[in-house]
Amino acid sequence: MTITKKQNGTNLEITLEGRLDTTTAPELEKELNASLDAADTLTLDFAKLDYISSAGLRVLLSAHKAMAKKGGMKVVNVNEIVSEVFDVTGFGDILTIE
Amino acid sequence: MKEWRGKAALENIPAVTAFIDEQLKALDCPMKAQMQIDVAIDELFGNIAHYAYGGESGDAAVRFNFDEASRTVSITFIDGGVPFNPLEQADPDVTLSAAERSIGGLGIFMVKKSMDQVAYRYENGCNVLIIYKRISVS
């Protein structure tokens with residue numbers, strides 16, 4: 001998985017490319033832990049994300065909780081496979097998806 | 001039948017995934033079904049690596065079968081660890097809010113939803129978990 005970060009003012013935009021799973025979720029978690037303090041809002045761009053497993057959902061949930069105390073987190077450009085995972089797991093109701 | 005054998009370790013998830021993807025590509029499996037199967041491998045092999053041997057080292061096998069007539073792929077996960085039937089786990093409450101949420105049980109729940117059938121048996125001292133996925137021609 002490739003993680004690309006872009007800071008626009010107080011918004012942090014993170015683009016993920018590849019697979020967010022047991023192997024790669026710790027990389028995202030590490031990146032978020034290092035960067036979230038400086039951000040008021042977080043945008044996760046999933047345009048190039050192939051799929052997500054429960055290990056990835058765990059990282060999304062903790063990022064969502066951390067950002068809920070600030071300006072919030074949104075997920076954009078979700079593909080069909082990831083979208084189905086969000087629907088089945090109820091994450092579609094928890095996360096802000098655009 | 002094709003088989004992969006190795007250590008039940010998290011670092012082997014990519015190797016198991018590559019082994020299965022190779023079989024699926026040879027069958028012209030549609031990308032969506034392949035991704036769903038890859039997620040299932042991450043969840044199921046991940047569970048074995050995490051829990052089957054209680055922190056000790058142990059072996060696992062993954063078998064691939066394809067039934068031509070029904071165009072159904074079956075993948076069997078075998079470990080000799082602690083007897084554990086993940087299908088007996090209660091489904092998670094997917095209506096809870098973010099604050100009340102935990103991730104426990106979500107992986108196997110996703111597998112049950114995305115596969116056509118999931119079966120478990122304990123046989124000859126081994127956990128045997130089989131997932132079935134029917135694939136259309138892509």
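The legends below describe close-up views of a predicted model. Local features need pLDDT of at least 70 and side-chain atom pairs count only at pLDDT 80 or more, while totals for chains, interfaces and linings use all residues. Residues are numbered from 1 along each chain as its sequence is written, and chains are lettered from A in the order in which they are written.

**View 1. Side of chain A that touches chain B.** Contacts (C-beta atoms, placed from the backbone, within 7 Å) join 20 residues of chain A to 20 residues of chain B. Two or more residues each come from strand 3 (41–52), helix 2 (54–68) and helix 3 (80–89) of chain A. Helix 2 of chain A gives the largest share, eight residues. Helices (H or I, at least four residues) and strands (E, at least two) are DSSP runs, numbered from the N terminus.

**View 2. Helix 1 of chain B.** This helix (residues 13–26) has 14 residues and reaches 20 Å from its first C-alpha to its last, close to the 20 Å expected (1.5 Å times one less than the number of residues). Just after helix 1 of chain B, Asp28(B) takes a positive phi of about 55°.

View 3. Ile13(B), Val16(B), Thr17(B), Ile20(B) and Leu24(B) are buried (20 or more other C-beta atoms within 10 Å of the residue's own; exposed means 12 or fewer; C-beta atoms are placed from the backbone).

Note on methods:
Contact = placed C-beta atoms within 7 Å.
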